[in-house]
Amino acid sequence: MKIFSESHKTVFVVDHCPYMAESCRQHVEFDMLVKNRTQGIIPLAPISKSLWTCSVESSMEYCRIMYDIFPFKKLVNFIVSDSGAHVLNSWTQEDQNLQELMAALAAVGPPNPRADPECCSILHGLVAAVETLCKITEYQHEARTLLMENAERVGNRGRIICITNAKSHVRMLEDCVQETIHEHNKLAANSDHLMQIQKCELVLIHTYAVGEDSLVSDRPKKELSPVLTSEVHSVRAGRHLATKLNILVQQHFDLASTTITNIPMKEEQHANTSANYDVELLHHKDAHVDFLKSGDTHIGGSSREGSFKETITLKWCTPRTNNIELHYCTGAYRISPVDVNSRPSSCLTNFLLNGRSVLLEQPRKSGSKVISHMLSSHGGEIFLHVLSSSRSILEDPPSISEGCGGRVTDYRITDFGEFMRENRLTPFLDPRYKIDGSLEIPLERAKDQLEKHTRYWPMIISQTTIFNMQAVVPLASVIVKESLTEEDVLNCQKTIYNLVDMERKNDPLPISTVGTRGKGPKRDEQYRIMWNELETLVRAHINNSEKHQRVLECLMACRSKPPEEEERKKRGRKREDKEDKSEKAVKDYEQEKSWQDSERLKGILERGKEELAEAEIIKDSPDSPEPPNKKPLVDMDETPPVEKSKGPVSLLSLWSNRINTANSRKHQEFAGRLNSVNNRAELYQHLKEENGMETAENGKASRQ
């Protein structure tokens with residue numbers, strides 16, 4: 001049982017021999033006041049750090065990151081090796097801080113370059129490191145006390161990081177560690193205060209000055225024995241060594257990198273202006289687990305410390321002061337800035353330690369922004385909170401009627417509820433045996449039943465016809481059984497015969513027309529779809545028993561129609577086509593009828609006007625007979641409008657109206673009615689005249 005991993009114990013062994021006092025040859029500008037330098041003052045020469053200083057600074061940076069993210073249960077022991085081994089701290093929690101280590105290293109001081117190199121060796125420190133790994137930590141002791149008789153289940157694993165100038169003696173160092181582990185495991189087996197080393201990782205870092213050639217090559221992790229694995233890194237001193245230790249701390253403690261971009265900060269020289277900065281943070285990799293699941297990593301480039309791990313870029317949002325308004329979080333992880341001494345990192349940490357919270361969003365080229373993380377401090381420590389960007393687990397689950405993505409809404413919800421009731425799991429006390437005599441496992445029997453019921457079970461109403469028909473229920477409910485009785489077979493056959501009778505009567509089927517234009521498929525096509533689906537259902541269970549085969553044979557026999565039946569179907573299809581054509585002709589006639597009526601009426605009125613004009617220019621003679629009809633002629637402007645018929649107008653009615661209208665225009669109006677005053681005409685006007693001859697001559701004019 002792996003209670004403690006290799007990262008629980010880490011032992012740093014730093015070489016303190018005279019050759020570590022050599023310069024790393026990476027110069028650092030000491031005099032930075034170049035622009036404001038007074039004339040005549042010689043600038044200060046650049047300085048360079050020693051191999052010892054570079055090693056101590058890099059190892060301290062390793063410890064700082066580890067302590068920031070894992071303040072508990074991750075322990076470091078520091079050993080300095082020269083003529084002997086100097087253990088600077090212990091496994092107790094009180095000694096696990098940078099102040100204790102820095103004070104102890106200051107007491108040791110830099111290596112003496114005039115010391116005898118023959119008396120100094122890194123082997124002293126490696127032996128002391130193995131001995132330290134065998135010692136029990138407080139957490140291991142607590143776990144062993146809780147387990148009592150199972151104390152051997154508590155694991156003892158650790159890691160040794162050795163920083164030295166190994167020259168070409170790598171194999172000698174590995175053999176020394178392996179032999180020492182073997183000897184101390186024997187001693188620990190007979191002691192209650194020591195624990196045997198079950199697994200040890202040896203990380204050898206060969207550091208050398210910039211510009212020199214390395215005599216040691218890199219080597220990946222290699223298993224030297226079941227207990228010991230070793231890896232070798234050859235690194236130049238200076239910033240290269242610091243980068244290597246930063247990469248190793250991410251590997252050893254499963255860390256990930258996040259870069260916060262677009263952080264607004266005021267410039268020191270120009271207080272009224274601000275610039276955007278980026279700050280890279282390290283934290284546990286579980287803070288990116290949602291990105292890894294979704295496959296959207298938002299990688300913005302390689303980490304500034306190297307190409308070991310990519311950094312995920314998150315964008316700065318407006319700070320919040322009220323945490324109640326924030327989304328709920330699914331995890332909180334301690335963070336550690338990569339460049340802790342930089343001004344942007346210092347400003348960000350101070351801003352957060354003052355009680356402010358900052359939301360971080362995923363950078364996107366389009367669409368709405370997604371808030372995925374938040375930075376906030378608790379008890380003087382800064383945490384990266386993971387905010388859930390999906391549906392909250394505290395909310396009610398979506399209704400199935402809403403559909404998947406809002407596209408499907410016709411699920412068979414009622415049928416699915418019935419399906420769940422039929423397949424509920426219940427306690428099964430009485431044992432059953434199979435045909436071959438073996439014991440039947442209830443869970444396997446339940447799985448087998450569920451498999452039979454779901455061989456053909458459409459989830460959407462519009463994708464099925466037979467499951468929407470009440471007439472198919474007797475067959476669909478029994479066909480899923482493992483075995484059928486004679487009564488079941490009879491009921492299935494009756495169901496098939498009923499469907500044949502429905503087809504003969506041309507009864508409609510519940511075919512869904514969602515997403516289709518027009519009336520949908522014709523009746524014959526609907527039944528073909530129904531028969532195909534029914535055959536699919538029966539064939540899915542044909543191998544259950546021989547009686548299932550009989551149901552399929554009955555179905556296939558009914559599907560193969562006799563010739564007279566096919567002829568009847570053809571006549572039915574022709575009749576349906578004729579009905580469709582007649583309906584179309586009626587619609588076309590109704591559409592053109594109003595236009596034709598208006599054209600006919602216009603022609604009739606125009607001809608009536610022409611005939612009336614001809615009649616007016618005809619002059620009557622004395623012998624001309626009186627007109628037989630003296631109906632009043634109504635002016636065209638006074639003609640009442642033709643009333644529109646409320647229903648369809650026949651051709652006979654149209655022709656009769658035309659004839660009547662034309663005849664009413666062919667006679668001349670009565671002269672007395674034309675010359676009347678208030679519809680009254682004076683008769684025998686010639687009797688009033690004195691001369692009778694004039695009256696006789698003027699009688700002709702009075703007729704006009």
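In this predicted model, the largest nonpolar core comprises 37 residues. Within that core, Phe 12, Tyr 62, Phe 78, Leu 105 and Ile 205 have the most contacts.

**Nonpolar cores**
- At least two residues of this core come from each of the following: strands E1 (9–15), E4 (75–81), E6 (157–164) and E7 (199–208), and helices H1 (51–69), H2 (98–108) and H6 (239–252).
- Helix H1 contributes the most, with 11 residues.
- Once neighbours within four places in sequence are set aside, Leu 105 is in contact with Trp 52, Val 56, Met 60, Phe 78, Val 80 and Leu 88.
- Another core, of 32 residues, lies apart from the largest one; Val 13, Ile 181, Ile 197 and Cys 200 are among its members.
- In soluble globular proteins, nonpolar side chains tend to be buried together.

**Surface patch**
- A nonpolar patch on the surface is formed by Leu 683, Tyr 684 and Leu 687, which together have about 410 Å² of accessible area.
- Leu 687 belongs to the loop between helix H17 (671–674) and helix H18 (692–702).
- Leu 687 counts as exposed because its relative accessibility is 65%, and the cut-off for exposed is over 50%.

**Overall make-up**
- The protein contains 18 helices and 20 strands.
- Of its 704 residues, 37% are buried.
- Among contacts between residues at least 6 apart in sequence, 72% join residues at least 24 apart.
- The protein exposes about 43,800 Å², of which carbon and sulfur atoms supply 52%.

Note on methods. Residues numbered from 1 in each chain as written. Predicted model: local features only at pLDDT ≥ 70, side-chain atom pairs only at ≥ 80, totals over all residues. Heavy atoms only, no water. Core = buried A, V, L, I, M, F, W, Y, C linked by side-chain atoms within 4.5 Å. Buried < 20%, exposed > 50% of the residue type's maximum accessible area, 1.4 Å probe, protein only. Helix = DSSP H or I, 4+ residues; strand = E, 2+ residues; numbered from the N terminus. Contact = heavy atoms within 4.5 Å. Patch = residues over 30% accessible without salt bridge, like charges linked within 9 Å, V, L, I, M, F, W, Y side chains within 5 Å. Areas by Shrake-Rupley, 256 points an atom, 1.4 Å probe, with all protein chains shown as cover. Salt bridge = Lys/Arg side-chain N within 4 Å of Asp/Glu carboxyl O.
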